[in-house]
Amino acid sequence: MRIRIANGTLVTAESAGRADVLIEDERIVAVGPGADAPADRVIDASGQLVLPGGVDAHTHLDMPLAEGVRSADDFESGTIAAAVGGTTTIVDYAAQERGGSLQRALDEWHARAAGRAVIDYGFHMIVCDPRPDTLDELDALALGGVPSFKLFMAYPGRLMVDDGAIFRVLLRARDNGGLVCLHAENGAVIEVLVERALAAGATAPREHARTRPARAEAEAVQRGLALAEIAGAPLLVVHLSSAEALEEVERAQARGVAAWAETCPQYLLLDAGRYDEPDFAGARYVMSPPLRTRAAQEALWRGLASGAIATVATDHCPFRLADKARGAADFSRIPNGAPGIETRLSLLWDAGVRAGRISASRFVELVATAPARLFGLHPRKGVIAPGADADILIWDPERTLTISAATHRSRVDYSLYEGRKVTGAPSVVLARGRVVAEQGRFVGQTGAGRFLRRAPRTL
Ligand code: URP
Ligand code: ZN
Ligand code: ZN
């Protein structure tokens, strides 16, 4: 089957210009000259843009938390939501259990995704119990297509690992081509602040932000980067939220550390005032790190424009309102995480490109090309070029949506952006050469997504 995407403006991370794209079965075979060969189907992209499908390298689908609570989207509903919003690849976080092996965690995540995901997917591995045998397993994972490992500097007693463990994993990653993804918040300090807030009777959702100050993020970022520098290993700081933390990343970059940062739309668009919403609605925004100030948002936008921040992911970790209610009398019991997999591209286009903060090419780089490169998916994903998978968006810069839980595909029962109007959305989404969404309607197939074995770094 040959498909030609005709008359559109092709936008890549480098440039924008008129070019047709020819697809044969699952792959792109020609771009520009040579793409005018006969085709079985022609998709007319007149007046629209042609972009690589989005790569969301930070999701938590079908993730067990505690006491029977799990994230609200499984690999079917979560990837349908992703596809409708223009994301054609996800990298989800599999999680080691304390006492368990990495392989067992990986097997579990494979079982959750296989036969359900509608778009291609890879896995990172959360390492919370870095025993000697766990460290040995990291080498096998890196070779086996899972070359990225998340470590937590927060959540003591559950996920947090100490500096020695972080350093050991960094050394392994340096040698096996892996990339450490760091949740950087000083968990010990936060634990004391939470204890003191609760002892003083402060139990409402706003305390979540008060007990997780930006400096606790910046301190952890600074420490993590210093450990990476000593180890000679690269480091990605995930879900970066504050100006103080960004400064630490910029400082490390300036002295030559291989350091990258990821942020998420919620940190660019929402501020901590949300925690004061009445009737416990502030719980919807309980995620870690927490929402910050408007000044922090501006700093993050500047970081996106300057290149200091490499990529925008979602940290899609949706919990139903009934699950959030576990923390009605104690904010520290509110499940941490929020939805976002469906709206990342439209939000960033609307508030970034339309608002003149970033160019269309930078948008493509942030949501597709850079995460594909960082996570060993390039040149198969994140680009429109001969040989790449035909993951393509026909992007309508004038299509306007009103975001609402009443219409979104995610199974979670709220949106962080309820009622927000955004302009810019995909009119057609192709994943490996098949149309999976049209004008916001899912038309793909459950189980069509395949596991992506990602490549370790070679440098
Ligand atoms: O609050 C958050 N971000 N929950 C998801 C897990 C994580 O830390 O990324
Ligand atoms: Zn995290
Ligand atoms: Zn996360």
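Colleague: Which residues does threonine 402 touch, not counting residues up to four places away in sequence?

Modeller: A contact is a pair of heavy atoms within 4.5 Å. By that criterion threonine 402 touches Thr407, Gly419, Arg420 and Lys421. This is a predicted model, in which local features need pLDDT of at least 70 and side-chain atom pairs count only at pLDDT 80 or more, while totals for chains, interfaces and linings use all residues. Residues are numbered from 1 along each chain as its sequence is written, chains are lettered from A and ligands numbered from 1 in the order in which they are written, and side-chain values use heavy atoms, with hydrogens and water left out.

Colleague: In which strand is threonine 402 placed?

Modeller: Threonine 402 belongs to strand β16; helices (H or I, at least four residues) and strands (E, at least two) are DSSP runs, numbered from the N terminus. Its relative accessibility is 43%, so threonine 402 counts as partly exposed, given that buried means under 20% relative accessible area, exposed over 50% and partly exposed in between (1.4 Å probe, protein chains only). The C-alpha atom of threonine 402 is separated by 9.0 Å from that of tyrosine 417, 15 residues apart from it along the chain.

Colleague: What is the strand order of the open sheet of 7 strands?

Modeller: Strands of a sheet pair through backbone hydrogen bonds, either parallel or antiparallel. Here the order is β3-β2-β7-β16-β17-β18-β19, and the pairing is mixed. At the edges stand β3 (16-18) and β19 (441-442), each with a single partner strand, so one side of each has no neighbour in the sheet. Two strands count as paired if DSSP finds at least two bridges between them.

Colleague: In which sense do β16 and β17 pair, parallel or antiparallel?

Modeller: Strand β16 (residues 392-402) and strand β17 (residues 421-431) are antiparallel and share 8 bridges. Within this pairing, leucine 393 has valine 429 of β17 as its bridge partner.

Colleague: How many bridges join β7 to β16, and what is the bridge partner of leucine 49 in β16?

Modeller: There are 4 bridges between β7 and β16, which run antiparallel, and tryptophan 395 is the partner of leucine 49. With β2, strand β7 pairs in the parallel sense over 2 bridges, where leucine 10 stands opposite valine 50. From β7, Leu49 and Leu51 point one way and Val50 and Pro52 the other way; all are buried.

Colleague: Which strands does helix α12 lie across?

Modeller: Axes are lines fitted to C-alpha atoms, for helices over the stretch in contact, and angles run from 0 to 180 degrees between N-to-C directions. Helix α12 (residues 344-354) lies across β7 (49-52), β16 and β17, at about 130° to β17. Helix α13 (residues 360-374) lies across β2 (9-11), β3, β7 and β16, at about 30° to β7.

Colleague: Which residues of α7 are buried?

Modeller: An α-helix has 3.6 residues a turn, so residues three or four places apart point the same way. In α7 the buried residues include Ala214, Glu217, Ala218, Val221, Arg223, Leu225 and Ala228. The buried residues of α7 pack against several elements, among them α4 (163-176), α5 (187-199), α8 (243-254) and β14 (259-263). Helix α7 (residues 214-231) has 18 residues and spans 26 Å from first C-alpha to last, close to the expected 26 Å, where the expectation is 1.5 Å times one less than the number of residues. Just after α7, glycine 232 has a positive phi of about 70°.

Colleague: Which residues coordinate the zinc ion (ligand 3)?

Modeller: Donors are N, O and S atoms within 2.8 Å of the metal (3.2 Å for Na, K and Ca); water is not among the atoms, so sites may look incomplete. The zinc ion (ligand 3) is coordinated by His58 (NE2), His60 (NE2) and Asp315 (OD), at 1.9 to 2.1 Å. These donors follow the spacing H-x1-H-x254-D, and histidine 58 and histidine 60 are both buried.

Colleague: What are the protein donors of the zinc ion (ligand 2)?

Modeller: They are Lys150 (NZ), His183 (ND1) and His239 (NE2), lying 2.0 to 2.1 Å from the zinc ion (ligand 2), with the spacing K-x32-H-x55-H along the chain. Distant parts of the chain are linked here: lysine 150 is in strand β11 (residues 148-152) and histidine 183 in strand β12, 33 residues apart. Lysine 150 is buried, with a relative accessible area of 1%, and histidine 183 counts as buried at 1% relative accessibility. The zinc ion (ligand 2) and the zinc ion (ligand 3) are 4.1 Å apart.
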